[in-house]
Amino acid sequence: MKEDVGVRGAGPATRRHQPDIGIAFDVCPVADVPGNEQDQQVGRFDGGLCLSIMDGRTISCTRLLSSLEGLAADRGLKVQQTVSPRGGTDASAEQLAASGSRAITLSPPVRYIHTTCERLRERDLETGVVLSQALLESI
């Protein structure tokens with residue numbers, strides 16, 4: 001939805017459909033390599049699906065975060081909380097458009113982001129599908 005060029009699609013979609021909950025799916029950059037300081041490491045490659053607490057444009061809904069963590073624990077799914085000092089996802093537009101919505105971003109941790117050789121764990125993608133489905137079924 002044109003997220004990489006300024007979250008242009010999520011805003012109009014949110015204004016049109018006025019959802020109560022917005023779940024953005026994106027990728028989380030991994031920088032857990034030797035030489036990077038701890039504060040530069042957003043997600044860990046084998047840490048599980050990333051549940052974003054905050055990024056450069058969004059502060060996630062704490063109720064959604066807690067619900068997703070509980071659903072993951074109940075199902076034995078590996079997740080990690082992430083905070084990114086920069087960047088943003090469609091969740092920001094979902095929060096701000098029209099009357100807004102509770103929003104969160106789910107992201108598989110990805111090495112070599114924005115290159116032709118990105119790497120991720122397939123199980124993290126599957127966790128994202130299972131968790132989003134479980135969240136919707138719990139509402």
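Predicted model: local features only at pLDDT ≥ 70, side-chain atom pairs only at ≥ 80, totals over all residues.
Q: Which residues of helix α1 are buried?
A: Buried means under 20% relative accessible area. In α1, which spans residues 10–17, Ala10, Gly11 and Thr14 are the buried ones.

Q: Why do the buried residues of α1 line one face of the helix?
A: Look down the axis of α1: its buried residues fall within an arc of 100°, so they line one face.

Q: Which exposed residues does the face of α1 turned away from the buried side carry?
A: Exposed means over 50% relative accessible area. On that face of α1 the exposed residues are Arg16 and His17.

Q: What covers the buried residues of α1?
A: The cover includes α3, residues 90–96.

Q: Which residue just after α1 takes a positive phi?
A: That residue is Gln18, with a phi of about 45°.

Q: How many residues line the largest pocket, and which lie nearest its centre?
A: The lining has 26 residues, and Val27, Pro29, Ser84, Arg86 and Gly87 lie nearest the centre. By class, eleven lining residues are nonpolar, ten polar and five charged.

Q: Which strand gives the most to the lining of the largest pocket?
A: Strand β3 does, with four residues. At least two lining residues come from each of β2 (28–29), β3 (49–54), β4 (79–83) and β5 (102–107).

Conventions
Residues numbered from 1 in each chain as written. Heavy atoms only, no water. Buried < 20%, exposed > 50% of the residue type's maximum accessible area, 1.4 Å probe, protein only. Arc of directions from axis to C-beta. Contact = heavy atoms within 4.5 Å. 1 Å grid on protein atoms, 1.4 Å probe; cavity = no way out; pocket = protein on both sides within 12 Å on 5 of 7 lines; lining within 4 Å. Nonpolar A, V, L, I, M, F, W, Y, C, P; charged D, E, K, R; others polar.
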